[in-house]
Amino acid sequence: MTEITSLSLFELIKNIKGKKISSNEIAKSFVDRSEKSKKLNTYVTENFENCLKLSKEFDNNPNFDLKLPGIPIAVKDLFCTNELRTTAGSNILNNFVPTYESTVTQNIWNEGGILLGKLNCDEFAMGSSNETSFFGNVQNPIAKDLVPGGSSGGSSSAVAANLTPVTIGTDTGGSIRQPASFTGTVGLKPTYGSCSRYGIVAFASSLDQAGPMSKDVKDSSILLEVISSFDKKDSTSIDFKRNNYSSELTRNIKGIKIGIPKEYRVDGMPDEIESLWKKGIEYAKDCGAEIIDISLPHTSYALPTYYIVAPAEASSNLARYDGVKYGLRSSGESLIDMYEKTRSEGFGEEVKRRIMIGTYVLSSGYYDAYYLKAQKVRQLIKQDFDQAYNKVDAILTPSTPSSAFKIGEKSNDPVSMYLNDIFTVPVNLAGLPGISIPAGTDKNNYPLGLQIIGKPFDEQTVLNIAYSMEEKINYKNNITDWWME
Amino acid sequence: MDGIMSKNNSKYLIERNNNVYEVVIGLEVHAQVTSNSKLFSSSSTKFGAEPNTQVSLVDAAFPGMLPVINEYCVKQAIKTGIGLKAKINNKSVFDRKNYFYADLPQGYQISQYKYPIVGEGNVILDMPEGQKQVGIERLHLEQDAGKSIHDVDPSNTLVDLNRSGVALMEIVSKPDLRSPDEVNAYIKKLRSIMRYLGTCDGNMQEGSLRADVNVSVRIKGSTDLGTRCEIKNVNSIKFMQMAIIYEANRQVDLIEEGDEIDQETRLFDTKKNETRSMRSKEDAHDYRYFPDPDLLPLEITDEFIDQLKSEIPELPDDKKKRFIDEFKISPYEATILVSDIDTAKYFEEVVAKMGKNRDMKLAVNWITGELFAVLNNKNIEIAQSPISAKNLAKLINLIKNGTISGKIAKTIFELMLDGDIDPQIIVEEKGLKQQSDPKALEALIDKIINDNREKAIEYKQGKEKLFGFFVGQAMKASGGKANPQLINEILKKKL
């Protein structure tokens, strides 16, 4: 039999329901492999012992009606977990232990999931390489010293390295899809308002959205079904009829119209991305989709718009980390001195950069020129998609303009780092669902992903297209466990 | 009731070197919304609890916590807007006002900046010169901050977050007020309207009503506005008036000395009775307002507003008009009776209990005279009145139907205070019933005239002053119970 850790979530559930493996055996396998994989630096906080204990409890009193019966799952360390340290990858929350649970993780535990541990991420989810984490770089299991993407880098790495069956990340400008693309895994950002933001450490409230990350599309559909819920505790949560994403998953997408936006052919895009996209179009055709050329004219404004809106909201969202109530407090001569020392020592460079940008664009005299204008452009970007969706059911683009890069390669060049998000940020600005699926490799054999963007609340179509194309693409990661002792 | 129309002029002008200045005042009143829970969380708002016992994760701004609007507070704000005859906006937006302070856990206050829930309205003041209309600029909802306590620990500041997140209505007036007396009348009127509506208890001691006072001065007759100073967070009408007088005179002195007035925020020191600069315009905070992305715009339908309109009780202005029309009392009396909702309720209950043969004059006089005096002495509100409206109505009816005299009534009133005793019972137990039987009184008077023949003759000879002597003798003989009117009539006849 194949190793338990390489099984998909769907297979694990099937096996556990068929009583072929116990929850404890599964938990042991993932804990063992995680223990042997410390070099990847995926975990910030482990919950291994507790996970093993809970898996035994599950086995003693199993409930196979649940959607995730006895399945151990590690989650991004941006989700607040009751009585387990939650750091958001930051020194300022290094000692923070919540007394409450995020809605999304609670949904997982309610369906039988068991917390395996908290996964590394860029500090406050600000980054595209996991290099801004206070807890250090995460290694991409694809190759040594390769970034796993970010901000959900611990999550993508852990899924790709089989340290957790599936995981959840958060995506503000591409933080699920880009790391999925860099690690040859699947990552879905749902429509804004699908998954509750309650209990998720906020980065940019109008953009943040939690979503599943997995080895394949079916697993993402199972996890999405669990985490997507209307929540009164989040005023931006939307009460719409949610599909049974996994049971409604189908490869029958005949006649579905897929748009190809010409503006995503950006200057200087590597040929291998261009050819990946072309191959993707052929796969989509093979699946029975109709390909239609479309235009999203304001695409080039998306990145600058994003880098105004997101830092603006972040500058305000992060004001609460002031040393007064919880988290790090540095001693100071006065209140102001204490603030300055706490925040200087508590936040890393990238977070400080974004707080400064955000503070600047909201300042009186600059508000109209930056923040207000960005909000207007955001509406135009949204309208671009609305108009495109009069003609097509979904849109196909590359996930990222390049494959994973080396650790340190871009860490001193924020703008080139920001460019990583060029294909993913428009989706957040418009609040749409988007998925990245592995679709090929570059010349170094590093994975490359394709992105499918859907209509609002139409995660099902996005998943169905991804599910069909996945079969045709038939991508397999070639991971050698190079990091093991 | 103190102050209302007690003077015949509420003007306030400052004279210096033959220049006459008037003071221009605008108020930003912060009124705590009457609500069991906070604006964006379910924590209790009860006053006086132990520090930090009414704090939710949202109020303390824990990571990942999100605000959820309290619909009841929204209704309260709309009702207040209706009471201020103001435009209710179908769409309003909550913004973040960003600044750092130890008692501001989020690092921002959620408030409404560009799009408030309530727009322009007005309130009517009853001034000695007549009615005055004061414009309302806007009303918006916002969170209160916590409380920093500097005087408990010698080296640390302590923070109490019980108040953090409590709903406030900020009611901004136009710069229409011209004197400390008008400020007094305005605050009292606002308070009265909100107490009628049940939207703010108006309790200034508990901080439910505070104000930032904007003051400028100008030469009387000028239409330009002078440079204003804002006096922050004044929590009593008396202090507002003191602060205005100090500040207006300070500004006039500056102008007279040829100096400029700096636009600045000032604090009122209640001990020294002076205002002090807190920060200048240059040092003003840049609050970096932007719409709170955690909250959707507040959308209110006309149906919702109409529903709330139908729930609005009769407000002071309408009640006053009705009292004058229906009860035929004077505008002055009506103003006093409607100024506080509990007084109006009490009065209306007395009127109802008096029944068909009611006497409005007696009712007004007894409430505003004897009863108010007792309340003032005991320093209590009419809601805690030791005499119920029902029993006061009975007492008034006993006077009206001649059972007791007004003088005896005062004695009975004193006795009623001890446990709200039914005046009828006192009359019976103490035998205080008025003697109104003409035959008995005639006999009594005959005896007095007989006993005082010489005086009776003197009276007949023109010494009219002696009439009082006979009345006094008759009252004395009856133990004070004789009906004075009858005594008069009989005496006149017999003498």
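What is the mean pLDDT of chain B, and what percentage of its residues reach 70 or more? In this predicted model, the mean pLDDT of chain B is 92, with 98% of the residues of the chain at 70 or more. An exception to be noted is the stretch formed by residues 1-7 of chain B, over which the pLDDT is below 50. The scores for the model are an ipTM of 0.97 and a pTM of 0.91.

The contact between the two chains involves 33 residues from chain A and 24 residues from chain B. On the side of chain B that touches chain A, 16 residues are nonpolar, 4 are polar and 4 are charged.

Chain B itself is divided into three parts: domain 1 spans residues 13-310, domain 2 spans residues 316-430 and domain 3 spans residues 438-494. The centres of domain 1 and domain 2 of chain B, taken over C-alpha atoms, are separated by 37 Å. These two domains are in contact through 7 residues from domain 1 of chain B and 6 residues from domain 2 of chain B. On the domain 1 side of this contact, the elements that give two or more residues are strand S6 (121-127) and helix H2 (180-197) of chain B. The greatest contribution to that side comes from H2(B), which gives 5 residues. By class, the side of domain 1 of chain B that touches domain 2 of chain B comprises 3 nonpolar, 3 charged and 1 polar residues.

Definitions and conventions:
Residues numbered from 1 in each chain as written. Chains lettered and ligands numbered in written order. Predicted model: local features only at pLDDT ≥ 70, side-chain atom pairs only at ≥ 80, totals over all residues. pLDDT = per-residue confidence, 0-100. Nonpolar A, V, L, I, M, F, W, Y, C, P; charged D, E, K, R; others polar. Domains from an automatic or database assignment. Helix = DSSP H or I, 4+ residues; strand = E, 2+ residues; numbered from the N terminus.
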